Amino acid sequence: MKIPELYRKGKLPISYEIFPPKGELSMDALRTMANALAAERPDYISVTYSAGGSGNSDRTAVLTGMLQREYGLLAMAHLTCRNSTRADVDAAVQQFREQGVTHVLALRGDRVPGCETQDFHYASQLIEYLGRTTELTLGAACYPEGHVACSDPARDLDYLRQKQDAGAAFFITQLFFDNDCFFRFREKAAAHGITVPIDVGVMPILSRESLIKMSFNCGASIPAGVVRMVHKYQDDPESLRAAGIEYAARQICELAAGGADGIHLYVMNKPDVAHALTCALHDAGY
């Protein structure tokens, strides 16, 4: 099964994003998390890639391959290119090949202080380069509120079209908290010739600090209702976490009802979050 085929099955694809563990997380602990996520029966899981010396980029291929071999899951590895040479990308693709990974989310990636841009300036260039490897199915990112580094919405849509034309078979959105932002973006993308499926990426608000960090890093606007929610529970972390998950549940059900091609949940390696949001979709009939 390839990810693009999921959108033709008549069922809303539900997927998760996780990240390779940092530090000394044991393989037993990693498998415990993977086993809990697999029990939710997601349509696929994507695994992030950290470049620039974070120490866990090599684990992306290993974790993605493990999810496929040991849990029978469709899994996709992220790959960033901003600080990579062609040789670096070739080496990553070889790792994917050794692990049996055939799905890649091709990204430019964040700037790493002290590291210069190498052979790739844009994700579309990485997609085109990876396209030479015929066994790979490629996805890409899109930004309902525009990329934080691009001040021209029209140019942002041009970049999106370039990714599609280079070979991206589907898109996953950056997180957002206002569904109207996505619905407006979808209309503009369609008018710009975007025809491949778009999964909506949703991340629940689990703390005030995480909300501020997420909004600052990706440029997501914060609706007044979210501000009021955070203010109400700012001295009660557990209640804020519960309210944040409930907000995300309402958000994804509304997106599903609005005809989203797929739901992609940024679950942050937390099986309880994956369970709560997946149940919300199932309870709503998806």
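I take the radius of gyration over C-alpha atoms, and the globule rule is 2.2 Å times the number of residues to the power 0.38. This is a predicted model, where local features need pLDDT of at least 70, side-chain atom pairs count only at pLDDT 80 or more, and totals for chains, interfaces and linings use all residues. Residues are numbered from 1 along each chain as its sequence is written, and side-chain values use heavy atoms, without hydrogens and water.

Entry 1, overall build. With 286 residues, I expect a radius of gyration near 19 Å for a compact globule, and the protein chain agrees at 18 Å. Its C-alpha atoms fill a box of roughly 50 × 45 × 45 Å along the principal axes. I find 11 helices and eight strands (DSSP runs numbered from the N terminus: H or I of at least four residues for helices, E of at least two for strands).

I looked up the buried share, and it is 52% of the 286 residues. Buried means under 20% relative accessible area, exposed over 50% and partly exposed in between, with a 1.4 Å probe and protein chains only.

Most residues other than glycine have a negative phi. Asn269 lies in the loop between strand E8 (262-266) and helix H11 (271-283), and counts as buried at 15% relative accessibility.
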